[in-house]
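Q: I'm new to this one. Can you walk me through it?

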Amino acid sequence: MKGIMLQGTSSDAGKSLLTAALCRIFFNKGLNTAPFKSQNMSNNSYVTADGMEIGRAQGVQAEAAGQEATVYMNPILLKPSSDMQAEVVLFGKRDCVLSGMAYRTDYYQKGLQAIRTSLDELSKRHSYIIAEGAGSPAEVNLNDRELVNMKVAELAELPVILVADIERGGVFASIVGTLALLSPDDRNRVKGLIINKFRGDLELFQDGADWLEEQTGLPVLGIIPFLHGHMIEGEDSLSIASIFPEKTVYSVDIAVVHLPSISNYTDFEPFLYEKDVRIRFVAKASDFGNPDAVILPGTKSTLADLKTIQDNGLGESIKAHADAGKAVLGICGGYQMLGEKLADPYGTDTGKQGESAVGLRLLPVSTEFGMIKETTRRKGFTAENCGLGRIPVDGYEIHMGVTKSESIYPFLEFPGGNGDAGTVSGSIIGTYMHHLFYNDSFRTAWLNRLRKAKGLKPATELNLEAVKDLRYNLLAEQVEKHLDMEKLMCMAEGGCEQ
């Protein structure tokens, strides 16, 4: 199989972003390339065209590669619901909920077979694979049953490039230490190094690069500068602070409730492209302020997160904001929280059968969590009476709850009546549709209503797809000029032994 695999000396070394950059570099060279990550742990997910769920990062990388995302690009998705257990999504469908120990002891062979199947399928459909590892390959206590790093490189027969994050310091020790902890066979799979997130004059690191090459015998393929404002969607909640830096100059202030188990925060990344809009993630009542709109995002643990915001005072802040007639929008779990009552008879949300809670009581809806997970792409329109006019929208639903509404005012309309219509009550909107704000006309209409309420002029509609494509190309350009692409391509073709 042709291609390369990026592995990191640590988590958050920048593998996902570099994978997206390489996917676009290969795409621009006319190469049929697929991203691959055997196992992703993230509550940010992406729904494929056939309604399957994969990691959000692999969906974005597929876009960068100019490919339709498939489940073979991320066959195993682990969605943590607590510190002790996670939902296992296999080939796009919910398979089970396991503890970390049970996954390690009982799921290994099944996961291994899924990886083999995926690599076979990708090799039939694509000429190159840009694979991404997880964490570090030097987790010596886990390596006998790991499914994410060197085992994948072995199965795919891909050369490994080790990526190190220099921003946090200790880059020399992290590289030399990682290599020292690998078995001889795994050490031989590593063919090059990339230094990532460098700040300052790149020439100042040349002595360091020379030292690394001498000590490790591996070429430093590139020193990638810290890329400011790349605006490529992130992978997990660890990246929220870096992806959503708070603006100091803005006209519209949007507060997103930072739920402990927040999922699909990428729903809000379109606001980054709106020059006059500030996004803030607020976790406690004292940070709430006086926003123009509040958004309750999706969550992997609705009832637990609802209790958190009810206990820490954020729930009261949201209700006071709504009572003042200001905008509130809940998506998925956030929609469920806005209702009257939530019931979990089978324990699919809480892990305990029969749990229930009173919601924020801002919408006349009630939710019951079931056993079947809905993962579907939807296309429809906003309802004429939702206050924004009839606007075409598309997105996707990922949820296990069924929400019944007593309202006569649906938010959305779908051809044939399929899909959850959501609910509108004045300036309060609840919906299961993720990706909603990626619809340019809807986002513009919703923001312009906020601008109008403040006496501001309406803004013109922004073509987000064109901007995103430009961003992919800009990312590729920034990374490519700092990489030894001739050597990297030679490795991807199976040559260039060190």
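A: Here is a short tour, going by helices and single residues.

Q: What kind of model is it, and how are residues numbered?
A: This is a predicted model, where local features need pLDDT of at least 70, side-chain atom pairs count only at pLDDT 80 or more, and totals for chains, interfaces and linings use all residues. Residues are numbered from 1 along each chain as its sequence is written, and side-chain values use heavy atoms, with hydrogens and water left out.

Q: OK, helices. At what angle do H1 and H2 pack?
A: At about 20°, with their axes 7 Å apart. H1 is residues 15-28 and H2 is residues 56-64. Helices (H or I, at least four residues) and strands (E, at least two) are DSSP runs, numbered from the N terminus. Axes are lines fitted to C-alpha atoms, for helices over the stretch in contact, and angles run from 0 to 180 degrees between N-to-C directions.

Q: What does that angle make H1 relative to H2?
A: Roughly parallel. Angles under 35 degrees count as that, over 145 as roughly antiparallel, 65 to 115 as roughly perpendicular and the rest as oblique.

Q: Which residues make the contact?
A: From H1, Ser-16, Thr-19, Ala-20, Cys-23, Arg-24 and Phe-27. From H2, Ala-57, Gln-61, Glu-63 and Ala-64. Contact means heavy atoms within 4.5 Å.

Q: How do the residues of that H1 and H2 contact divide?
A: Five are nonpolar, three polar and two charged. Ala, Val, Leu, Ile, Met, Phe, Trp, Tyr, Cys and Pro count as nonpolar, Asp, Glu, Lys and Arg as charged, and the others, Gly among them, as polar.

Q: And how does H1 sit against H14, at what angle?
A: The angle is about 95°, and the axes are 8 Å apart. H14 covers residues 464-480. The two helices are therefore roughly perpendicular to each other.

Q: Which residues of H1 and H14 meet there?
A: H1 brings Leu-17, Leu-18, Ala-20, Ala-21, Arg-24, Ile-25 and Asn-28. H14 brings Asp-469, Tyr-472, Asn-473, Leu-475, Ala-476, Val-479 and Glu-480. This contact has nine nonpolar, two polar and three charged residues.

Q: What about Phe-26, buried or exposed?
A: Buried, with a relative accessible area of 0%. Buried means under 20% relative accessible area, exposed over 50%, partly exposed in between (1.4 Å probe, protein chains only). Phe-26 lies in H1.

Q: What does Phe-26 touch?
A: Leaving out residues up to four places away in sequence, Phe-26 touches Leu-31, Thr-33, Tyr-128, Ile-130, Met-485, Leu-488, Met-489 and Ala-492.

Q: Where is Pro-35, and what does it touch?
A: Pro-35 is in strand S2, residues 33-36. Its relative accessible area is 0%, so Pro-35 is buried. Beyond residues up to four places away in sequence, Pro-35 touches Cys-23, Gln-58, Gln-61, Ala-62, Met-73, Leu-122 and Ile-130.

Q: Switching to H6. Which residues of it are buried?
A: Val-171, Ile-175, Thr-178 and Leu-179, in a helix that runs 171-181. They cover an arc of only 95° around the axis, so they are on the same side of H6. The arc is that of the directions from the helix axis to the C-beta atoms.

Q: Why do residues three or four places apart point the same way in an α-helix?
A: Because an α-helix has 3.6 residues a turn.

Q: What covers the buried residues of H6?
A: The cover includes strand S10 (160-165), helix H7 (184-189), strand S11 (190-198) and helix H8 (206-216). Turned away from the buried side of H6 is a face with the exposed residues Ala-173 and Ala-180.

Q: Now loops. Where is Thr-48?
A: In the loop between strand S4 (45-47) and strand S5 (53-55). Thr-48 counts as buried, at 1% relative accessibility. Apart from residues up to four places away in sequence, Thr-48 touches Ile-54, Ala-69, Thr-70, Val-71 and Arg-377.

Q: What is the phi of Phe-91?
A: Positive, about 45°, although Phe-91 is not a glycine. Phe-91 is in the loop between strand S7 (85-90) and strand S8 (93-99). It is partly exposed, at 25% relative accessible area.

Q: And Arg-361, what is its phi near?
A: Near 60°, a positive value in a residue other than glycine. Arg-361 is in the loop between strand S20 (355-358) and strand S21 (365-382). With a relative accessible area of 55%, Arg-361 is exposed.
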